[in-house]
Amino acid sequence: MPGPRKSFWVGTPEIYFSKHIDNSRLVKVEDPRRAREMRQFGMALTCLFLLVMTYAWQHFKAIEYGYKIESMKIERDGMREMNRALRLEDASLRDPERIDELARRLGLQSPQAGQVMRLDASDDTGAPVMASIAPISVISAR
């Protein structure tokens, strides 16, 4: 046996009536004191916003510069290591025994007396001279 049947509607239904209201004759009265308060409040909010944004900009720039400094330190350390490796390679390539061995493999012989000309002679200033110009005379035949 089925139980008591419940009604679909519970309580009284709500009914709304639309009513047209004409506000065209209403005029807003300007309150100068309220307008001044709103301007002051707006200026205060603008100043606060500018201060917060300046602080945030400086903060994020400081963080960005910190990351740049760290990346440059890592790059500097890498360059120092590369410089050290290149100096070691340069020293090993300038080894006279290595150069002599490579020359002998190529069939070269040791220089005879008078064949070697040193370019590291110094001039009056004491600086090494890599090349010098000797005066020459030009004779033209016409």
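Helices are DSSP runs of H or I, at least four residues, numbered from the N terminus. The model described here is predicted. On that basis the protein has two helices and zero strands. Helix α1 covers residues 32–93. Helix α2 covers residues 96–105.

Of the 142 residues, 0% are buried. The accessible surface comes to about 15,400 Å². Carbon and sulfur atoms account for 62% of that surface.

Part of the surface is a nonpolar patch. Its members are Met-38, Phe-41, Leu-45, Leu-48, Phe-49, Leu-50, Val-52 and Met-53.

Charged contacts were then examined. Side chains of opposite charge can pair when their charged atoms come close. A search of the whole structure finds nine salt bridges.

Arg-105 has 60% relative accessibility. It counts as exposed because the cut-off for that class is over 50%. Glu-101, at 43% relative accessibility, counts as partly exposed. Elsewhere, salt bridges that share partners join Lys-61, Glu-64 and Lys-68 into one network.

Helix α2 also holds Asp-100 and Arg-104. Their side chains meet in a salt bridge with an N to O distance of 3.2 Å. The spacing is again given by the helix: Asp-100 and Arg-104 are four residues apart, about one turn. Asp-100 is partly exposed, with 34% relative accessibility. Arg-104 reaches 52% relative accessibility and therefore counts as exposed.

Helix α1 contributes the pair Glu-70 and Lys-73. Here the N to O distance is 4.0 Å, and the side chains form a salt bridge. The pair is counted because the criterion is a nitrogen of Lys or Arg within 4 Å of a carboxyl oxygen of Asp or Glu. Glu-70 and Lys-73 are three residues apart in helix α1, so they are separated by about one helical turn. Glu-70 has 43% relative accessibility and counts as partly exposed. Lys-73, at 39% relative accessibility, is also partly exposed.

How values were computed
Residues are numbered from 1 along each chain as its sequence is written. This is a predicted model: local features need pLDDT of at least 70, side-chain atom pairs count only at pLDDT 80 or more; totals for chains, interfaces and linings use all residues. Side-chain values use heavy atoms; hydrogens and water are left out. Patches are made of residues with over 30% relative accessible area and no salt bridge: like charges are joined within 9 Å, nonpolar side chains (Val, Leu, Ile, Met, Phe, Trp, Tyr) within 5 Å. Accessible areas come from the Shrake-Rupley method with a 1.4 Å probe; for residues, only the protein chains shown count as cover. Buried means under 20% relative accessible area, exposed over 50%, partly exposed in between (1.4 Å probe, protein chains only).
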